[in-house]
2 protein chains.
Amino acid sequence: MAHTSASPGALLRHVRKGRARSRAELVALTGASRNTISARVDQLIGANLLEEGGRGWSTGGRPPTILRFNSRAGCVLAVDLGVTSVDVAVTDLSAQVLATVGHPIDIADGPGPVLAEVDRLAQKVLADAGLTPADVRAVGVGVPGPVEFSTGRPSHPPIMPGWHDHPIPGAFGRYDCPVYVDNDVNVMALGEMGVTDSTDDVLVVKVGTGIGCGVIVEGRVYRGAQGSAGDIGHIYVAQPDDRTVLCRCGNENCLEAIAGGGALLRDALAAGLPVTSTRQVIELANHGDGPAVELVRNSGRTIGTVLAALVNFFNPHRIVMTGGVAQAGLPLLAGIRETVYRRSMPLAARSLEISVSDAPEMSGRVGAALMAIEGYLDEDAIHQALAR
Amino acid sequence: MAHTSASPGALLRHVRKGRARSRAELVALTGASRNTISARVDQLIGANLLEEGGRGWSTGGRPPTILRFNSRAGCVLAVDLGVTSVDVAVTDLSAQVLATVGHPIDIADGPGPVLAEVDRLAQKVLADAGLTPADVRAVGVGVPGPVEFSTGRPSHPPIMPGWHDHPIPGAFGRYDCPVYVDNDVNVMALGEMGVTDSTDDVLVVKVGTGIGCGVIVEGRVYRGAQGSAGDIGHIYVAQPDDRTVLCRCGNENCLEAIAGGGALLRDALAAGLPVTSTRQVIELANHGDGPAVELVRNSGRTIGTVLAALVNFFNPHRIVMTGGVAQAGLPLLAGIRETVYRRSMPLAARSLEISVSDAPEMSGRVGAALMAIEGYLDEDAIHQALAR
């Protein structure tokens with residue numbers, strides 16, 4: 001049997017993820033000596049991260065003491081920053097929401113006023129949960145644009161004027177803890193994965209005004225060389241009659257210029273539908289309006305041509321659709337499935353699951369919390385915390 | 001500073017990859033105690049995997065003893081199985097080739113005769129290198145078709161009739177060691193990465209009769225849900241005038257039906273070029289024949305449309321082209337670059353390097369050796385070997 005790491009951080013992870021529930025199980029799992037395991041478990045208990053919780057079933061001998069992760073050893077702040085609103089939550093170390101609050105903002109007001117509002121909301125949720133700044137172990141922030149993950153600075157975000165290169169972590173100076181910032185699609189992807197110990201390969205595709213994709217490799221966010229992995233909205237899509245569609249990026253026939261929310265509204269207006277927003281097109285489709293259903297389904301087909309190629313290349317376990325246009329549900333999914341299952345290799349498509357997110361409005365907050373928790377409970381971070 | 005694992009296998013890796021050269025450097029790197037490191041290093045020396053090799057420079061105190069990986073602690077067999085030939089090499093544990101031999105085969109003869117020939121060649125190279133079966137620590141095999149990696153069995157390989165589900169590892173029963181089998185493109189990708197400790201994200205694209213891609217995530221082969229990741233030869237490619245091209249897989253407009261080696265020959269014959277094989281088209285192009293250059297460049301452009309999409313999605317550090325058609329070098333690369341740099345997002349394309357393999361004829365053997373070595377020196381495997 002293969003053995004796994006026995007560092008204190010790894011032991012904590014084994015207990016958190018349910019892989020071991022006692023010192024004896026940790027010995028069996030890691031192959032480390034009973035003495036080593038006991039000493040490290042005692043360290044983790046001393047740091048209040050593990051707790052002993054009664055006696056487990058045993059097959060003989062002295063019954064083993066059950067170890068539990070103490071998910072109330074601290075809390076994290078989770079910030080889901082959108083274009084027109086922000087949600088701030090405080091969660092425990094299992095991403096259970098303890099308190100949450102939302103507020104309208106205008107991201108174009110720039111980092112000063114917007115982050116001041118976030119700061120105010122964060123203090124409010126902490127107070128609502130009966131906690132103080134000293135309880136906060138880490139902060140996670142999702143923003144609607146590209147971010148240099150290592151510094152937490154947005155990088156030429158197209159719909160966040162004034163935010164380029166702004167050091168977002170600096171806004172959380174009152175908390176003596178690390179701050180993790182990533183783009184909203186990566187954060188939502190983490191939220192869709194949840195607290196499970198999945199090692200699946202997953203694509204989380206957000207279809208809103210733009211189109212983006214969170215790429216999960218073996219349960220973790222994959223970022224690529226410059227951190228721009230998953231940027232599928234500007235993949236070129238050939239049009240049947242050699243028609244060209246100009247994208248706001250300056251190129252022609254980008255996926256989002258043909259199948260994103262803006263394109264849906266444009267095509268609905270051109271077809272004479274009585275609408276003034278993408279949301280209204282979605283609502284019409286949800287009410288079974290024939291032309292609206294067909295427009296949404298066509299969007300799905302176009303998105304499907306790109307996803308079919310990605311299924312061959314990436315061979316994911318599943319694809320989760322999220323974002324405003326994904327709320328159109330069935331016709332979008334039908335168009336995507338029709339194209340993906342026709343154009344992907346049978347082996348890759350055979351057990352591929354394509355679904356719509358269950359709780360898209362929560363995945364941003366939960367994902368931001370998970371990003372913060374995983375950072376705080378990282379193997380190296382635990383190693384250093386215990387060495388102090 | 002972040003600390004890394006201090007398991008015996010991890011310590012061995014740190015020395016092999018040049019990250020530490022003494023006990024003191026291992027203590028600094030891992031944060032483990034001097035006693036722990038000394039005990040584990042002694043175990044590794046006892047197992048003949050590490051050796052002490054003289055005194056290093058020191059900044060004061062007793063000069064540290066230099067630790068070296070003993071790459072001659074055993075050998076591996078590397079088998080590069082092609083459609084018409086097989087190469088077998090024996091290498092040391094640093095993938096240095098000690099002896100190699102090649103022989104024509106016909107893969108369609110089936111596993112019985114082909115693997116008997118491989119067995120004969122393996123015994124020959126071992127003898128040539130002055131080694132015995134007892135010296136072999138692992139075997140690595142690359143085959144020209146899809147493989148279920150966990151069992152080493154080909155899975156419906158289109159150009160390996162009779163091989164479906166055949167347990168290839170069983171052919172190496174005379175060696176008391178693990179046998180790793182993977183498809184040739186993944187193996188070549190490992191070979192292109194070499195023995196470096198790279199954590200780059202890389203695509204290795206093989207253009208021969210078919211077109212396939214090895215996907216490297218943080219220095220390791222990425223396989224996906226069913227192990228079919230990188231299967232880009234059957235991605236749908238729209239044709240300018242809504243023309244359709246039938247692929248041998250039964251679908252229309254697959255990348256390899258338009259831009260693979262077979263397509264190149266077909267188009268050259270249709271253009272009236274005096275050729276009877278893809279190789280001759282490549283040779284004409286290499287001699288500057290105008291129509292042949294244009295055909296190869298067009299293949300490059302078509303491959304580029306698919307790679308441009310993958311660059312946006314995967315954001316690799318680099319792309320390496322290999323395989324017979326890639327021998328056409330410049331015109332193929334020019335067509336690929338022209339399309340990728342025009343159609344990819346600037347951030348992803350900015351520092352992307354696209355090159356042709358330096359030594360394509362060696363990457364299959366070196367990759368098979370590396371697959372065997374990494375399996376043998378895996379952290380868990382070392383843990384178990386030392387526990388025996």
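Modeller: The following dialogue treats domains, a helix and salt bridges in turn.

Modeller: This is a predicted model, in which local features need pLDDT of at least 70 and side-chain atom pairs count only at pLDDT 80 or more, while totals for chains, interfaces and linings use all residues. Residues are numbered from 1 along each chain as its sequence is written, chains are lettered from A and ligands numbered from 1 in the order in which they are written, and side-chain values use heavy atoms, with hydrogens and water left out.

Colleague: Which domains does the domain assignment give for chain A?

Modeller: Domain bounds come from an automatic or database domain assignment. For chain A, that assignment gives domain 1 (8–69), domain 2 (75–177 + 363–387) and domain 3 (202–357). Taken over C-alpha atoms, the centres of domain 1 of chain A and domain 3 of chain A are separated by 46 Å.

Colleague: How many of the nine residues of helix α1 of chain B are buried?

Modeller: Two terms are needed. Helices (H or I, at least four residues) and strands (E, at least two) are DSSP runs, numbered from the N terminus. A residue is buried under 20% relative accessible area, exposed over 50%, and partly exposed in between, with a 1.4 Å probe and protein chains only. In helix α1 (residues 8–16) of chain B, eight of the nine residues are buried, among them B:Pro8, B:Leu11 and B:Val15. Just after α1(B), B:Gly18 takes a positive phi of about 80°.

Colleague: How many salt bridges are there over all chains?

Modeller: A salt bridge is a side-chain nitrogen of Lys or Arg within 4 Å of a carboxyl oxygen of Asp or Glu. By this rule, the count over all chains is 40.

Colleague: Which residue meets A:Asp42 in a salt bridge?

Modeller: The partner of A:Asp42 is A:Arg23, at 3.6 Å from N to O. This pair links distant parts of the chain, since A:Asp42 lies in helix α3 (residues 34–46) and A:Arg23 in helix α2 (residues 23–30) of chain A, 19 residues apart.

Colleague: Is A:Arg23 buried or exposed?

Modeller: A:Arg23 is buried, because its relative accessible area is 14%. A:Asp42, at 45%, counts as partly exposed.

Colleague: Which residue forms a salt bridge with A:Glu338?

Modeller: A:Glu338 pairs with A:Arg301, the closest N and O atoms being 2.9 Å apart. Here A:Glu338 belongs to helix α10 (residues 330–343) and A:Arg301 to helix α9 (residues 290–314) of chain A, 37 residues apart.

Colleague: Which residues are linked in a network of salt bridges?

Modeller: Such a network links A:Arg13, A:Arg16, A:Lys17 and A:Glu374.
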